[in-house]
Amino acid sequence: MTHATDKTKTSLAKFEEFFSTKYKDNVFEALEKYPDQRSVVIDYLDLEMFDPDLADLLIEKPEEVIRASQKAIKNIDPLRKNADLNIRLENVTNNIPLRFLRSKFIGKFLSVDGIVRKTDEIRPRIITAMFECRGCMRLHEVSQSSNMIAEPSLCSDCGGRSFRLLQEESEFMDTQTVKVQEPLENLSGGEQPRQILVVLEDDLVDSLTPGDIVRITGTLRTVRDEKTRRFKNYIYGNFIEHLEQEFEELLLSPEDEENIKELSRDEHIYEKIIKSTAPSIHGYRDVKEAIALQLFGGSGKELEDKTRLRGDIHILIVGDPGIGKSQMLKYVSKLAPRGIYTSGKGTSGVGLTAAAVRDELGGWSLEAGALVLGDRGNVCVDELDKMREEDRSAIHEALEQQTISIAKAGIMATLNSRCSVLAAANPKFGRFDSFKSLAEQIELPSTILSRFDLIFVVEDKPDMEKDRALARHILSIHKEDSMPYEIDPELLRKYIAYARRHSHPVLSEGAMDVLEEFYVSMRNSASDDESPVPITARQLEAIIRLSEASAKIKLKSVVDAEDAKKAIKLQQACLKQVGYDPETGKIDIDKVEGRPPKSERDKFRILVEVIKELEEEYNGKAPTNILISEMGDRYTVSPEKVEELVRVLKHKGVIFEPTRGYLKVV
């Protein structure tokens with residue numbers, strides 16, 4: 001006992017020396033400037049340089065040493081005599097991965113890295129309880145060390161044993177528990193991510209939200225669970241450092257800003273950024289241009305009536321296997337600071353949105369899913385077509401309204417998911433067939449397809465020149481083990497962060513004229529009743545977002561006609577790929593968004609009319625063989641097509657087969 005006391009006295013003296021020499025100016029200046037400040041942050045590396053033994057003792061006996069440091073500050077600063085300051089330590093070198101937190105670390109000071117999965121509500125914890133003796137009304141002050149309130153054993157005046165807790169006179173402190181999970185990139189295949197509870201107190205509460213990637217410094221403690229009678233570890237938090245911010249929060253030095261401004265003056269900046277997007281994949285310029293625009297994003301707007309217009313751009317890539325779709329998604333999830341990668345097959349609806357989970361005290365709290373963790377970032381969903389129907393519906397609201405509404409276990413909440421979604425899907429039959437509509441080939445409902453700003457179909461067609469260039473590209477990457485890029489990835493990341501923070505371009509008159517002309521001329525091409533609808537207001541909004549992103553790439557304050565033309569060109573490339581109806585030779589927006597094109601709807605209508613005519617002629621039943629010849633003679637529809645149309649109408653319950661070889665309208 002004496003040995004421990006001697007050590008504490010020595011460390012107290014050392015801390016007094018440390019504060020009065022090394023930290024005197026910056027710490028006490030901060031305290032004078034902010035009299036309400038409750039914490040002093042010390043750099044562990046400074047402490048280690050001042051006295052390595054004291055730094056080692058802090059790791060081994062954190063509670064004693066921190067208590068000594070609090071006393072030392074009180075001794076030096078007489079104004080702070082009555083106030084307990086929290087001593088917080090940053091840059092602690094004892095960083096332990098979550099999966100290696102074993103019992104040998106209990107009681108040690110350490111730091112762990114992880115992603116915040118869940119934050120519980122803030123609750124008060126009693127520090128000093130004031131009791132009143134029921135016999136003689138004498139007040140007793142008792143310090144509390146746990147949640148179980150310790151009463152005085154007996155009254156020093158009257159010897160009574162009955163006390164009443166005076167809540168108003170007692171001292172409370174805010175406390176909050178947070179669940180932290182180890183970073184997913186640290187896992188090798190098949191491992192389950194480890195999690196640990198962190199207890200935050202005083203000015204640390206309410207500083208974390210689900211999705212934050214953090215380094216938490218604190219003491220590893222253990223507590224006995226009353227129900228299971230087993231011990232479980234938790235970290236008593238001392239300091240929180242945010243490791244990875246959103247794009248807008250990346251720290252940029254003056255030197256970085258100078259490099260960014262210089263880069264923005266390069267007249268080839270647009271092309272350079274496209275070439276630096278997913279450089280490991282050869283070709284696919286349109287897709288890379290779209291991904292580059294998505295990373296910069298449009299300008300989100302909040303109107304006076306509180307309506308929000310999203311600025312985030314959503315992209316869907318549909319393509320043959322083996323063309324690097326997943327590679328593109330992985331690239332975006334690594335480049336964007338809040339980049340979440342998830343695959344359709346293993347993702348549940350709750351995993352995308354939020355789960356209602358019971359906390360330690362039996363209350364319910366929400367645990368964030370991928371779309372919430374990716375707020376203000378990018379969410380990449382691979383194999384979107386493989387998701388179960390009920391899970392896919394979770395994406396609807398997130399894509400357009402950018403919120404996720406939850407009504408579970410008595411919790412009514414609306415969470416933000418202001419993220420850009422980059423999704424990939426494979427054609428239903430393995431490879432893409434350009435003669436069939438998109439809806440026939442992807443197992444996705446039209447409601448989801450219509451919410452994507454750009455839909456790309458990437459086909460893998462043999463082409464000698466392109467194949468040679470691709471082979472050369474892949475071989476050189478494997479040989480040299482390096483990537484050819486125009487802009488260094490770290491600089492590109494900072495460039496995007498700077499553009500998203502400082503550039504909020506506004507549409508110029510020239511750009512508005514170009515966009516208006518495009519929209520009206522496209523709609524006008526369908527002015528007669530027989531034509532399909534080529535484009536809707538939704539596509540116009542998508543083009544506006546793309547134009548704004550194009551202006552952001554050059555850090556411009558206005559969107560000019562050139563940006564609008566680039567956006568239109570990209571949108572047209574998508575519409576031609578996905579929306580071209582070979583039967584009418586026109587673009588049909590219904591085909592893009594997964595509904596039957598107008599030419600198909602007309603055939604259904606004609607087929608039903610012909611069946612009705614034949615019913616009148618043949619005693620209320622239309623013979624199938626005569627129907628096929630009538631459709632061929634009068635409307636030049638092939639027998640195969642008639643059979644396909646009949647099959648669809650039977651499935652939808654419009655017609656039925658009363659006896660074999662005959663059809664009847666319901």
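User: Buried means under 20% relative accessible area, exposed means over 50%, and partly exposed lies in between. In this predicted model, which of these classes does E271 fall into?
Analyst: E271 sits in helix α7, residues 269-275. Its relative accessibility is 32%. Because that value lies between the 20% and 50% cut-offs, E271 counts as partly exposed.

User: Which residue meets the side chain of E271 in a salt bridge?
Analyst: Side chains of opposite charge can pair when their charged atoms come close. Here the N to O distance is 2.4 Å, within the 4 Å limit for a salt bridge. The partner lies in helix α8 (residues 285-296), 14 residues away from E271, and the pair links distant parts of the chain. The partner of E271 is R285.

User: R285 also forms a salt bridge with E289; why are these two separated by about one helical turn?
Analyst: The closest N and O atoms of R285 and E289 are 2.8 Å apart. Both residues belong to helix α8. They are separated by about one helical turn because their spacing in that helix is four residues.

User: Is E289 buried or exposed?
Analyst: R285, its salt-bridge partner, is partly exposed at 36% relative accessible area. E289 has a relative accessible area of 7%. That is under the 20% cut-off, so E289 is buried.

User: How many salt bridges does the structure hold?
Analyst: One of them joins E657 and K650, with the closest N and O atoms 3.1 Å apart. E657 is partly exposed at 37% relative accessibility, and K650 is partly exposed at 37% as well. Elsewhere, bridges that share partners join E271, R285 and E289 into one network. The count for the structure is 21.

User: Which residues gather with E516 in a patch of negative charge on the surface?
Analyst: E516 is found in helix α17, residues 509-524. It counts as exposed, because its relative accessibility is 52% and the cut-off for that class is over 50%. The residues that gather with E516 in the patch are E509, D513 and E517.

User: What separation do the C-alpha atoms of D256 and Y498 have?
Analyst: D256 is in helix α6, residues 254-264. It is buried, with a relative accessible area of 13%. Along the chain, D256 and Y498 are 242 residues apart. Their C-alpha atoms are separated by 9.5 Å.

User: D202 and D206 both have positive phi values; which loop holds D206?
Analyst: Phi of D202 is near 60°, and phi of D206 is about 65°, although D206 is not a glycine. D202 lies between strand β8 (195-201) and strand β9 (213-224). D206 has its place in the loop between β8 and β9.

User: Is D206 buried or exposed?
Analyst: D202, in the loop between β8 and β9, is buried with a relative accessible area of 15%. The relative accessibility of D206 is 58%. Since the cut-off is over 50%, D206 counts as exposed.

User: Which element of the protein has the lowest mean pLDDT?
Analyst: The protein averages a pLDDT of 76, and 80% of the residues score at least 70. The highest element mean, 88, belongs to strand β23, residues 558-559. Where pLDDT is low, the predicted coordinates should not be read in detail. The lowest mean, 56, is that of residues 580-581, strand β24.

How values were computed:
Residues numbered from 1 in each chain as written. Heavy atoms only, no water. Patch = residues over 30% accessible without salt bridge, like charges linked within 9 Å, V, L, I, M, F, W, Y side chains within 5 Å. Areas by Shrake-Rupley, 256 points an atom, 1.4 Å probe, with all protein chains shown as cover. Lys, Arg positive; Asp, Glu negative; His and termini not counted. Charge placed at Lys NZ, Arg CZ, Asp CG, Glu CD. Buried < 20%, exposed > 50% of the residue type's maximum accessible area, 1.4 Å probe, protein only. pLDDT = per-residue confidence, 0-100.
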